[in-house]
Amino acid sequence: MAEKEKGRGKKGSRTKEKETTWQERVIQIRRVSKVVKGGKKLSFRAIVVVGNERGQVGVGVGKASDVIGAVRKGVADGKKHLIDIPLTKSNSIPHPIKGKGGGAKVMMRPAAPGTGVIAGGAVRTVLELAGVRNILAKQLGSSNPLNNARATVNALETLRTFTEVAEDRGIPLENIFG
């Protein structure tokens with residue numbers, strides 16, 4: 001009987017390890033209302049960022065009548081919209097990039113090791129959960145957290161590695177650096 005309990009403990013720890021690889025951070029929780037026949041119906045909207053700090057990140061939105069349900073739906077939506085991003089050896093991005101999402105624009109530049117994440121608001125959260133450690137970023141235009149998070153994801157989606165660029169152009173990798 002003791003062996004069975006030990007076995008369960010091990011299985012439980014394995015599932016916990018799988019669960020802990022994904023981190024979730026709530027950017028914003030907002031109370032929204034909808035006017036219906038009987039009056040106003042209140043619900044909550046949660047904007048959640050999901051990432052594994054190893055190059056995968058997603059932004060999700062969830063709406064429910066309670067906060068916990070909204071966050072749960074947001075996490076599920078974030079996991080559906082995961083993207084892979086290329087990271088350099090110094091945990092930065094390969095090249096400068098701009099992204100757009102709604103009225104928000106985000107500009108990002110790679111930074112030297114030891115710089116840290118220099119960004120604000122939703123952009124910072126997305127970059128940290130993506131695993132980026134050295135970057136310079138600036139929000140331009142809107143200050144809406146959802147649009148800024150989506151603009152960041154848009155920018156990270158369009159990142160390309162040097163090998164991808166060399167393959168697309170049909171030239172050796174050495175010619176790109178020359």
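A: Strands β6 and β8 run antiparallel and are joined by 7 bridges; strands are DSSP runs of E with at least two residues, helices are DSSP runs of H or I with at least four residues, and both are numbered from the N terminus. Two strands count as paired if DSSP finds at least two bridges between them. One of these bridges links M107 with K138 in β8.

This is a predicted model, in which local features need pLDDT of at least 70 and side-chain atom pairs count only at pLDDT 80 or more, while totals for chains, interfaces and linings use all residues. Residues are numbered from 1 along each chain as its sequence is written, and side-chain values use heavy atoms, with hydrogens and water left out.

The open sheet has 4 strands in the order β5-β6-β8-β7, with mixed pairing. Its edge strands, β5 (97-101) and β7 (117-118), each pair on one side only.

Helix α3 lies across β6, β7 and β8 and runs at about 145° to β8. That angle is taken between N-to-C directions, on a scale from 0 to 180 degrees, using axes fitted to C-alpha atoms, for helices over the stretch in contact.

The packing continues in the largest nonpolar core, which has 29 residues; V57, V59, M108, V126, L127 and L156 touch the most other members. The elements giving two or more residues to this core are β2 (39-51), β3 (56-64), β6 (104-110), α3 (121-130), β8 (135-141) and α4 (145-157). A nonpolar core here is a set of buried Ala, Val, Leu, Ile, Met, Phe, Trp, Tyr and Cys residues joined through side-chain atoms within 4.5 Å. Buried means under 20% relative accessible area, exposed means over 50%, and partly exposed lies in between (1.4 Å probe, protein chains only).

Leaving aside neighbours within four places in sequence, L127 is in contact (heavy atoms within 4.5 Å) with M108, V117, A119, V132, I135, A137, T152 and L156. A second, separate core has 7 residues, including A46, V50, V71 and V75.

Helix α2 (residues 67-80) holds V71 and V75, which are buried there along with G69, A70, G74, D77 and G78. The cover over the buried residues of α2 includes β1, β2 and β3. The 14 residues of α2 should span 20 Å at 1.5 Å a residue, and the end C-alpha atoms are 20 Å apart, which agrees. The expected span is 1.5 Å times one less than the number of residues.

L82 touches W22, V50, V57 and G58, not counting residues up to four places away in sequence. The C-alpha atoms of L82 and Q56 are 6.3 Å apart, although 26 residues separate them along the chain. L82 is partly exposed, with a relative accessible area of 29%.

S33, in strand β1 (residues 23-36), is also partly exposed, with a relative accessible area of 46%. S33 touches K41 and L42, again not counting residues up to four places away in sequence.

For the setting, the protein chain has 6 helices and 8 strands. Buried residues make up 36% of its 178 residues. Among contacts between residues at least 6 apart in sequence, 54% join residues at least 24 apart.
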